[in-house]
Amino acid sequence: MGKLTIEGKASRKIEADTEEITLSFQYHAENSAEASKKVISECELLLKELTHWGISPEQIHISDDDIDQRYDDRMLYVTAAREITIELPYNMEFNNSLMELIQKKQMNIDYDISYSLSNYKEIHKELIQEALADSKEKAELIAAAMGQRITGIDSLKNSDQYDVSDWTSREQGSTFGVLADRAPMLSDKLKAPLNDETETVEVVWIMSV
């Protein structure tokens, strides 16, 4: 009886179907009252528009909210900041509408989007199985060349790139509206980014004649 240690890999390019939009409001002033008033006003204006578009409060999370004071040459400088994130299904038409609203209302907002997969858990389970099959195929070729065959697994180690215990699938949200008076754009039809998803396993296979 012998043993073979063989690495197996599996990867896919998968189109993202969910997005997380981060919107950061920031305003500089000479006192906290003025800075916070401007930040709150712009945030409330945007939230009001989003609710009209059908975005529920459960899809919006606050991720930062603070007022920072500092003195420079005995002068007080204040920065108020508020940051919110929105989780929803990928929709380029909505993203364009949001950008246009920011322009239309002349808001001073930091805007960032990250993309992900709603079926993340299922995809990585499948990739682990594919990586295991890849390792087995390689092991069987080597074993056959040595006049032996694979009879079992001694040990298996995953890449630990992902913590399986924390895997959760995101719920797809309901449909929602967009800016009413906007003209259609070619970029409304752009596809979501492709995510490179990969899994690796290291398997110690048992060989026998």
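A residue is called buried when its relative accessible area is under 20%, exposed when it is over 50%, and partly exposed in between, as found with a 1.4 Å probe on protein chains only. The legends describe a predicted model, in which local features need pLDDT of at least 70 and side-chain atom pairs count only at pLDDT 80 or more, while totals for chains, interfaces and linings use all residues. Residues are numbered from 1 along each chain as its sequence is written, and side-chain values use heavy atoms, with hydrogens and water left out.

**View 1. Ser118 in the loop between β5 and α3 (120-145)**. With a relative accessible area of 11%, Ser118 is buried. Its side chain is joined to that of Asp17 by a polar contact of 2.6 Å. A polar contact is a pair of N or O atoms within 3.5 Å; within protein, one must be able to donate a hydrogen and the other to accept it, and residues adjacent in sequence count only if both atoms are side-chain atoms. Helices (H or I, at least four residues) and strands (E, at least two) are DSSP runs, numbered from the N terminus.

View 2. The buried residues of α1 are Ala35, Ser36, Val39, Glu42, Cys43, Leu46, Glu49 and Leu50. Seen down the helix axis, these buried residues fall within an arc of 170°, so they line one face of α1; the arc is that of the directions from the helix axis to the C-beta atoms. An α-helix has 3.6 residues a turn, so residues three or four places apart point the same way. Ala33, Lys37, Lys48 and His52 are exposed on the face turned away from the buried side. The cover over the buried residues includes β2 (18-29), β3 (60-72), β4 (75-89), α2 (92-104) and β5 (109-116).

**View 3. The two ends of α1.** At the start of α1, a side-chain oxygen of Asn31 comes to within 3.3 Å of the backbone nitrogen of Ala33. Just after the helix, Gly54 has a positive phi of about 95°.

**View 4. The open sheet β3-β4-β2-β5, with antiparallel pairing**. Two strands pair if DSSP finds at least two bridges between them. β3 and β5 stand at the edges with a single partner strand each, so one side of each is left without a neighbour in the sheet. Between β2 and β4 there are 12 bridges, and Leu23 has Ile84 as its bridge partner in β4. Eight bridges join β2 to β5, where Ile21 stands opposite Ile113.

**View 5. The hairpin of β3 and β4**. These antiparallel strands pair over 12 bridges, and Tyr71 stands opposite Leu76 in β4. Two residues lie between the strands, and Asp73 in the turn has a positive phi of about 55°.

**View 6. The open sheet of three strands, β1-β7-β6**. The edge strands are β1 (2-15) and β6 (149-158), each with a single partner strand, so one side of each is left without a neighbour in the sheet. β6 and β7 (residues 194-208) pair in the antiparallel sense over eight bridges, with Asn158 opposite Val201 in β7.

Terms used. Contact means heavy atoms within 4.5 Å.
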